[in-house]
Amino acid sequence: MQETTYDVGGTEMFAAETGDGPPVLLLHGGGPGASGVPNYARNIAELAEEYRVIVPDLPGYGRSTKGIDGSDPFGYLADRIRGLLDVMGLDRAHLVGNSYGGAAALRLALDTPGRVDRMVLMGPGGIGTTRALPTPGLNSLLNYYTGDGPSRRKLETFIRNYLVFNAADVPDSAIDERYQASIDPEVIAAPPLQRPSGRGALRTLWKMDFTRDARLSRLPVPTLVLWGAQDKVNRPSGAQMLADRMPNCDLYLVANTGHWVQFERAQLFNRLCAGFLAGRR
């Protein structure tokens, strides 16, 4: 894979890419130690047979600049992804986003729908989050840097108990790798995913719930939503919320699968994603 670090409005964004064809950005989730290529390790090669696959590390993660704007996290990420498209000379692209990356993709599409061809969202964040208390899985994620601070035990609990349906599917080496990334001093100093706090917290929470955004019902971008039926981080009921509100939304609920559809059900995901982006379904 070709690896490049881009200057996006003063933010360094690392991206790896491979393949030829229509451009597809794969946007990773926001769990501790996450980054682009490891999150899509089971998908990149197959998608690259048909597409130009671009896999950035989102700001706050991996080899990209740490720290984000906590007053509007999804808006900040959308701005940086759009800026990445600009510096790469791409007017439009397909967006594929899991969890935090799905929220960033959806916000980008709402703000500038003309920049997005088609979109695949896997258990995206920001769906009905002001309508119910956080799930145990989301609490585990958000509590990682609080209390007694990060530890490998806390990360393994999040991944094996909440992220995936089958705990044995994730090797110890993947947890070790993510743990080392999660304790980068720059990340500890400015965790990229935190509970909104302070005087503007309610306003931030409202902006982070897409079901409160009237633009959702007018979004023209064809979208495929894939959601694990056993997702313990973002409630599977969010899938129907999106299908009820979005005019061009296909929905696939994936049995015996948690929050990490593209990893847990890679063969199914690769087939559905490639076909949908090409307009074959």
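Ala278 is partly exposed, at 38% relative accessibility (buried means under 20% relative accessible area, exposed over 50%, partly exposed in between, with a 1.4 Å probe and protein chains only). The model is predicted: local features need pLDDT of at least 70, side-chain atom pairs count only at pLDDT 80 or more, and totals for chains, interfaces and linings use all residues. Residues are numbered from 1 along each chain as its sequence is written, and side-chain values use heavy atoms, with hydrogens and water left out.

Ala278 lies in the segment after helix 12 (266-277). Helices (H or I, at least four residues) are DSSP runs, numbered from the N terminus. Beyond neighbours within four places in sequence, Ala278 is in contact with Glu50 and Tyr51; contact means heavy atoms within 4.5 Å. Ala278 and Tyr51 are 227 residues apart in sequence, yet their C-alpha atoms are 9.4 Å apart in space.

The interior was examined next. A nonpolar core is a set of buried Ala, Val, Leu, Ile, Met, Phe, Trp, Tyr and Cys residues joined through side-chain atoms within 4.5 Å. The largest nonpolar core has 62 residues, of which Leu25, Leu106, Met119, Leu219 and Leu242 touch the most other members. Helix 4 (residues 100-111) gives the most to this core, with 8 residues. Another core lies apart from it and has 23 residues, among them Leu47, Ala48, Leu272 and Phe276. Residues up to four places away in sequence aside, Met119 touches Leu95, Ala105, Leu106, Ala109, Leu219, Val221, Pro222, Thr223, Leu224 and Phe276.

Helix 6 (residues 152-163) has the buried residues Lys154, Leu155, Phe158, Ile159, Arg160 and Leu163. An α-helix has 3.6 residues a turn, so residues three or four places apart point the same way. The buried residues of helix 6 pack against helix 5, helix 7 and helix 11 (261-264). Thr204 sits in helix 9 (residues 201-207). Thr204 is buried, with a relative accessible area of 5%. Its contacts, leaving aside neighbours within four places in sequence, are Gly70, Ser71, Pro73 and Pro196.

The structure holds 5 aromatic pairs. Rings of Phe, Tyr and Trp (its six-membered ring) pair if their centres lie within 6.5 Å; planes under 30 degrees apart count as stacked, over 60 as edge-to-face and the rest as tilted. Tyr144 and Tyr145 form an edge-to-face pair, 4.8 Å centre to centre, with 85° between the planes. Tyr144 is buried, at 2% relative accessibility. The pair of Trp260 and Phe263 is stacked, because the ring centres are 4.5 Å apart and the planes are at 20°. Trp260 is buried, with a relative accessible area of 6%. Phe263 also counts as buried, at 10% relative accessibility. Ring pairs link Tyr61, Phe74, Tyr100 and Phe210 into a cluster.

A cavity is a set of points where a 1.4 Å probe fits but cannot get out; a pocket is an open set with protein on both sides within 12 Å along at least five of seven lines; lining residues have an atom within 4 Å of a point. Grid points are joined across faces, edges and corners, and a volume is the space filled by probe spheres set on the points. The search of the whole structure finds 1 cavity of 30 Å³ or more. The largest cavity holds about 80 Å³ of space. Its lining has 14 residues, with Gly29, Gly30, Gly31, Leu163 and His259 nearest its centre. By class, this lining has 6 nonpolar, 7 polar and 1 charged residues. Ala, Val, Leu, Ile, Met, Phe, Trp, Tyr, Cys and Pro count as nonpolar, Asp, Glu, Lys and Arg as charged, and the others, Gly among them, as polar.

The largest pocket holds about 640 Å³. Its lining has 32 residues, and Gly126, Thr129, Leu138, Leu142 and Asn234 are the closest to its centre. Helix 5 (136-142) and helix 10 (237-245) each supply at least two residues of this lining. The classes are 17 nonpolar, 12 polar and 3 charged residues.

The second largest pocket holds about 240 Å³. Of its 22 lining residues, Gly33, Ala34, Gly62, Ala181 and Ser182 are the closest to its centre. Helix 7 (residues 172-182) gives the largest share of the lining, 5 residues. This lining divides into 10 nonpolar, 8 polar and 4 charged residues.
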